[in-house]
Amino acid sequence: MQASTRGSFSLPTLAALVLAGGCASSAPKPVEQITQARTLIEQAERTDTHRLAAADLEQARGKLGRAEAAAEDGDQEAALRLAREAAVDAEVAQAKASAAQAGKAQKELEQSLQALREEADRMPVNPGLDRS
Amino acid sequence: MRYATLIVGVTLAGLVACATTPARFPEVEEARTKVQALAQDPLVQQAASRELVAARGTLQQAETAIAENEAPEDVVHLAYLAARQADLGMARIEEARSREAIGQAEAERNRVLLAARSQEAATARARAASAEQEAAAAQLASAAQAEEAEAARRALAELQAKQTERGMVLTLGDVLFDTDAATLKPGAALTIDRLAKFLADSDETKILIEGHTDSTGPESYNQELSERRALAVANELRARGIDATRFSVLGRGEGYPVAANETAAGRQQNRRVEIVFSDQTGNFSASADPAG
């Protein structure tokens, strides 16, 4: 995307490349992050999240799949990034679902309150006193 | 030695790279906008303070990564994480806002219910008060009635009326009539005046005017005499302004003696006019009419 403006390498990266002798990736597989993302996605799947925040949950699932694939391919840095993104996507999905549920409850309560108010307004002001 | 030269060269290249304008990442701009919006939300400290701290930290990392010319994918990744942490904070705030509104709506609901209940209570109190007022008014009315009845009773007692099973009865004795005549003696005037005044004051009361005789002489004569004496009283009342609808006139003849006809004293007692009073509403006692 921004390739034309990113032509340079930072010093540590270059030094690491030099010192590692061009080794493709020495990072370990991000097992912990992948597990965390999977757990968060599974939690979301047990609730109404798949219905209330389907897009975010789908994005989390897609990234988890890609994280696993990257780990298989030996690109552990990409696997780590994708696992972290999948985890935060799953968290966002859960939070949006919770918010949607709260919003629904709010709406229902406000409707019932409105009905109650209308009923209260229909009550005679004071039936005991309108007999003169 | 060649190694050192290489490192120097690399360092120089790195310095040159750092001196260039840092790359601009729209992902980072977007994340910054989101983090700023989150930071400005009034509910952020209450509902999403952890998310704000995390998002700011991650955004800072992204900016540092740009400044240090880290791999673009790392910068984009960190910007993504920061933006999503801001999204997370916003979702938490949205939920908190709904929960707050729920709390308010519940409080309002309780208030409305309470108001309705106290309205009901007020209505019930008003009903009770109005029932009490009615009861008091009824009591007052019945007290007034009792007082009126008592006044009437006292007035009748002044007339020397007697309580009998036929109701209050006033007897105008023989001495008030000329012998064998239906004209009232002047001495009867005081009694008739009192009777007229009583009837004027107690405007619902009605009277029966009954003439009675002793058994001396023919029965038909006695019947006629009893009627004439009763009528004489009625005429005196009419002369004093008492409406004829207030009284009935009856000749009872000799059939209802109050004493023995064998003695002069007894006969004198039997020659009489009786005034039978109704109650204040114009009703006579069930046994007021001895003839049935």
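Here are some worked exercises on this predicted model, each with a step-by-step solution.

Residues count from 1 along each chain as its sequence is written, while chains are lettered from A and ligands numbered from 1 in the order in which they are written. In this predicted model, local features need pLDDT of at least 70, side-chain atom pairs count only at pLDDT 80 or more, and totals for chains, interfaces and linings use all residues.

**Exercise 1. Find where confidence in chain A is lowest and where it is highest.**

Step 1. Start with the elements: helices (H or I, at least four residues) and strands (E, at least two) are DSSP runs, numbered from the N terminus. Chain A has five helices and zero strands, in the pattern α-α-α-α-α.

Step 2. Take the average of pLDDT, the predictor's confidence in each residue, from 0 to 100. For chain A it is 81, and 73% of the residues score at least 70.

Step 3. Compare the elements. Helix H1 (residues 11-20) of chain A has the lowest mean, 49, and helix H4 (residues 54-73) of chain A the highest, 96.

Step 4. Over residues 16-23 of chain A the pLDDT is below 50, and over residues 1-7 of chain A it stays under 50. Where pLDDT is low, the predicted coordinates should not be read in detail.

**Exercise 2. Describe the largest nonpolar core and the contacts of Ala82(B).**

Step 1. A residue is buried if 20 or more other C-beta atoms lie within 10 Å of its own, exposed if 12 or fewer, and partly exposed in between, with C-beta atoms placed from the backbone. A nonpolar core is a set of buried Ala, Val, Leu, Ile, Met, Phe, Trp, Tyr and Cys residues joined through C-beta atoms within 7 Å.

Step 2. The largest core has 53 residues; among those with the most contacts inside it are Ala37(A), Ala90(A), Ala62(B) and Ala82(B). Helix H2 (31-46), H4 and helix H5 (76-122) of chain A each give two or more residues, as do helix H2 (26-40), H4 and H5 of chain B.

Step 3. Apply the contact rule, C-beta atoms within 7 Å. Leaving out residues up to four places away in sequence, Ala82(B) touches Ala31(B), Val35(B), Ala55(B), Thr58(B), Leu59(B) and Ala62(B).

Step 4. A second, separate core holds 30 residues, including Leu184(B) and Phe277(B).

**Exercise 3. Check the length of helix H7 (residues 219-239) of chain B and say what covers its buried residues.**

Step 1. The expected span is 1.5 Å times one less than the number of residues. The 21 residues of H7(B) should therefore span 30 Å, and the end C-alpha atoms are 30 Å apart, which agrees.

Step 2. Buried residues of H7(B) include Leu225(B), Arg229(B), Val233(B) and Leu237(B). Their cover includes strand S2 (167-173), helix H6 (189-201), strand S3 (207-212), strand S4 (247-251) and strand S5 (272-277) of chain B.

Step 3. Just after H7(B), Gly241(B) takes a positive phi of about 85°.

**Exercise 4. Work out the strand order and the edges of the open sheet in chain B.**

Step 1. Two strands pair if DSSP finds at least two bridges between them. The five strands have the order S1-S2-S5-S3-S4, with mixed pairing.

Step 2. The edges are strand S1 (162-164) and S4 of chain B, each pairing on one side only.

Step 3. S3(B) and S4(B) run parallel and are joined by five bridges; Glu210(B) has Leu250(B) in S4(B) as its bridge partner.

Note on methods. Contact = placed C-beta atoms within 7 Å.
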